[in-house]
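Here is a quick tour for anyone meeting this structure for the first time. Have a look at the model, then read on.

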Amino acid sequence: MGFSYKWINWIKECLALASFSIMLDGSPSGYFKSNRGIRQGDPLSPYLFVLVMEFWSISMDIGLASGNIKPMRRNDGLVISHLLFADDMLVFCKGD
């Protein structure tokens with residue numbers, strides 16, 4: 001998608017090097033590493049979701065154009081393969 005190597009490394013570090021601390025009597029009390037990277041509710045989470053869904057949507061469009069994915073077709077000629085809304089993804093394709 002054209003992101004610089006430096007930007008990609010920043011995102012990788014956010015995912016791999018996340019650490020947390022517990023507040024005890026108003027001050028941080030040690031740190032511990034995360035096993036799973038960014039959690040739901042993290043300010044970076046919605047942006048990463050949008051980036052991943054943009055890439056996924058482009059991949060779906062390529063699959064449709066190549067014929068590898070067969071979308072649902074409506075009687076009026078409308079073709080729907082996928083819909084994205086907020087943090088939801090709906091996929092419409094034939095299962096054969």
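A polar contact is a pair of N or O atoms within 3.5 Å; inside a protein, one of them must be able to donate a hydrogen and the other to accept it. Keep in mind that this is a predicted model.

Let's start with His 82, which sits in strand S5, residues 82–85. Its side chain makes a polar contact of 2.8 Å with the side chain of Ser 57. The side chains of His 82 and Ser 81 are joined by another polar contact, at 2.7 Å. Leaving aside residues up to four places away in sequence, His 82 also touches a list of residues that includes Trp 56, Met 60, Asp 61 and Phe 92.

How open to the outside are a few of these residues? The table puts three of them side by side.

| Residue | Relative accessible area | Class |
|---|---|---|
| Met 1 | 60% | exposed |
| Pro 46 | 48% | partly exposed |
| His 82 | 13% | buried |

His 82 counts as buried because its relative accessible area is 13%, and the cut-off for buried is under 20%.

Met 1 lies in the segment before helix H1 (5–16). Together with Phe 3, Ile 8, Phe 55, Ile 58 and Ile 62, Met 1 forms a nonpolar patch on the surface, with about 590 Å² of accessible area in total. Which element gives the most to the nonpolar patch? That's helix H2 (residues 45–66), with 3 residues.

Pro 46 belongs to helix H2 too. The C-alpha atom of Pro 46 is separated by 16 Å from that of Trp 10, and the two residues are 36 apart along the chain.

Terms used: Residues are numbered from 1 along each chain as its sequence is written. This is a predicted model: local features need pLDDT of at least 70, side-chain atom pairs count only at pLDDT 80 or more; totals for chains, interfaces and linings use all residues. Side-chain values use heavy atoms; hydrogens and water are left out. Patches are made of residues with over 30% relative accessible area and no salt bridge: like charges are joined within 9 Å, nonpolar side chains (Val, Leu, Ile, Met, Phe, Trp, Tyr) within 5 Å. Accessible areas come from the Shrake-Rupley method with a 1.4 Å probe; for residues, only the protein chains shown count as cover. A salt bridge is a side-chain nitrogen of Lys or Arg within 4 Å of a carboxyl oxygen of Asp or Glu. Helices (H or I, at least four residues) and strands (E, at least two) are DSSP runs, numbered from the N terminus. Buried means under 20% relative accessible area, exposed over 50%, partly exposed in between (1.4 Å probe, protein chains only). Contact means heavy atoms within 4.5 Å.
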